[in-house]
Amino acid sequence: MNAPAPEKNMHFIREIIAEDNRTGKYGGQVVTRFPPEPNGYLHIGHAKAICLDFGMALENNGECHLRMDDTNPVKEDVEYTDSIQADVRWLGFDWGPHYYHASDYFEQMYELACGLIRDGKAYVCEVPGDEWKHYRGIPTEPGKASPFRNRSAAENLDLFQRMRAGEFPDGAKVLRAKIDMASPNLHMRDPVLYRILHTPHPHAGDKWCIYPMYDYAHPIEDALEKITHSMCTLEFEVHRPLYDWVIQNCRLFPSRQIEFARLELTYTVMSKRKLLELVQRKLVKGWDDPRLPTLGGLRRRGVPPAAIRQFCERVGITKYDSLTDVALLEHCIRDELNRTAPRAMAVLNPLRVVIENTDGLPAAVRGVNNPEDPAAGTREIPFGPELFIEREDFAETPPPKYFRLSPGKSVRLRNAGFLTCTGVDHDPAGNVVAVRGTFAPMDAPVKVKATIHWVPAHAAKPVEVRLYDRLFKVPEPDADKDVDFKSHLNPDSLHMATALAEPSLLDARPGDRFQFERIGYFAADPDSRPSAPVFNRTVTLKDSWKPA
RNA sequence: UGCCCGAUGGUGUAACGGUAGCACAGCAGACUCUGGAUCUGUUAGUCUAGGUUCAAAUCCUAGUCGGGCAACCA
């Protein structure tokens, strides 16, 4: 018996599992599975499911299987299986030896279907697809029986074998479960179990021309793997009676399907179709564009997997359709990065500073790598008589409560000392082109209310920075079906810029994460080259300064 | 419309018949070599109407609102 960690939220699925463990329903075993269809890239909505599936197994000393749910060869491709595995691993989960394909069970599914036929619980139906809706009926009225419903088991077996043998064209026949044409649940009105598809399978090759439907295949996949708790999203709730029917009538391991609400996030879209549309129309730069909620995009943006895991835990698990504020994700990202990201200085919008008292000026200073983590140590930062500071950190006529630099005032230069402004240089148009000032060491008796970051003019290096903002301007871009979600795209979601970086940043390798002090968290992009890093802004720092 | 599911501050959630709590966001303050972090305080909530009960967010009934289902998709 293992008590859940105290900070974990006791959601209803944890309670179901705890209860099953208490009663010994599955002998204390917890076996789960994450079953993506390999027809697209994973996004943060999948991360919620992954964290749940793997998390419940981990917490209960169980196992979680990674299973490609590849029952429809016309939509799926091996292209996706690699990225799915990479994404799950990146998120921090390990399926051990339990990597499976639904298509590996095709033979058993076929045998089980023959069993259903022999039991008089399935039949080959020749009603054309577009005509079936007349038989199925509408919710308020019962359907009517297929004219093929009462074929003999022998005839059904023969026909089903010939379907497999390829004797019939696509759509000519299907195998149906014989359940209840009057059921108020449409899924129970003799659902299709198998359809004919003369399409080679990306994993199974050309062995098959009949393929099982999800509703038939999924419970079998789960049962064969002895999955105890089969978590899926809410829209499968009405499928559960059919899930149970298959397990019961095939006499299989009693896997249990449990549904929970999918994750929705503000200022983005989560549907595969819409994400694909953004990629195909080149409104973003690909599946791993850092503005996308795909795991590839989040990774490239610099989001640590631990932040995503923490976020998924804090969002919780319920059966209520919710819309989570991205601010919660951003909080989890900052929280993780604050503890782990080394600090560095870079100036986005430079203003030259000329130090006038150059005698005894240090050639370098030591910077603290991470005030939250003493073990991160220090580094050397070159110093000199000319610096660049952020243009916003100087105001010739400061607004009220402005703590930074202005004529006659002083600020602390991060890691270095104090700067007192003694003069301002203008160009003929009256713009500020440089600030002049005097430097004092850190132990000087100067009182200031602000510390600003800087880079040394002689040693700072220009680096490319990509400043990302929300992809959409509105919290629910796809809320209104009558308005194209693309019309809500934020035109300023990407701003390319050049920053002046302290020299240590030139060593950054793709994936390295930093806090650029007082600006935000940045991660080196795969586009980086040796000595020419490219930085993606993961998220800004919170900024509580607001002009009065 | 028939069936299924759901409803707690702005948002995400907890409370399992007994003081409606936590987090995010917001606001205010303290502290600070990041106007970051940290700390403190604070605004704000049980969909409606009946019923059961000493006591209801919780149980029952009806309604309202939201979501799902009517592919040979998953």
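**Conventions.** I am working with a predicted model, in which local features need pLDDT of at least 70 and side-chain atom pairs count only at pLDDT 80 or more, while totals for chains, interfaces and linings use all residues. Residues are numbered from 1 along each chain as its sequence is written, chains are lettered from A and ligands numbered from 1 in the order in which they are written, and side-chain values use heavy atoms, with hydrogens and water left out.

**Domains.** I looked up the domain assignment of chain A, with bounds from an automatic or database assignment. Domain 1 takes in 12-104 + 217-327, domain 2 is 106-213, domain 3 is 346-453 and domain 4 is 461-540. Over C-alpha atoms, I find the centres of domain 2 and domain 4 to be 51 Å apart.

**Around RNA strand B.** I count a residue as near the strand if one of its heavy atoms lies within 4 Å of it. That gives 63 residues around RNA strand B, with Glu 15, Arg 314, Arg 343, Met 442 and Gln 515 the closest. They divide into 23 nonpolar, 18 polar and 22 charged (nonpolar is Ala, Val, Leu, Ile, Met, Phe, Trp, Tyr, Cys and Pro; charged is Asp, Glu, Lys and Arg; polar is the others, Gly among them).

**Individual atom pairs.** A polar side-chain atom of Glu 372 is 2.8 Å from a base nitrogen.

**Helix pairs.** My helices are DSSP runs (H or I, at least four residues), numbered from the N terminus. Axes are lines fitted to C-alpha atoms, for helices over the stretch in contact, with angles from 0 to 180 degrees between N-to-C directions. I call angles under 35 degrees roughly parallel, over 145 roughly antiparallel, 65 to 115 roughly perpendicular and the rest oblique.

- α12 gives the most to the surface near RNA strand B, with four residues.
- The axes of α11 and α12 come within 8 Å and cross at roughly 135°, so this pair is oblique.
- α7 (214-224) and α8 (240-249) pack at about 60°, axes 9 Å apart, and are therefore oblique too.
- α4 (106-118) packs on α7 at about 115°, with axes 11 Å apart, so these two are roughly perpendicular.

Definitions and conventions. Polar contact = N/O pair within 3.5 Å; in protein donor to acceptor, adjacent residues only side chain to side chain.
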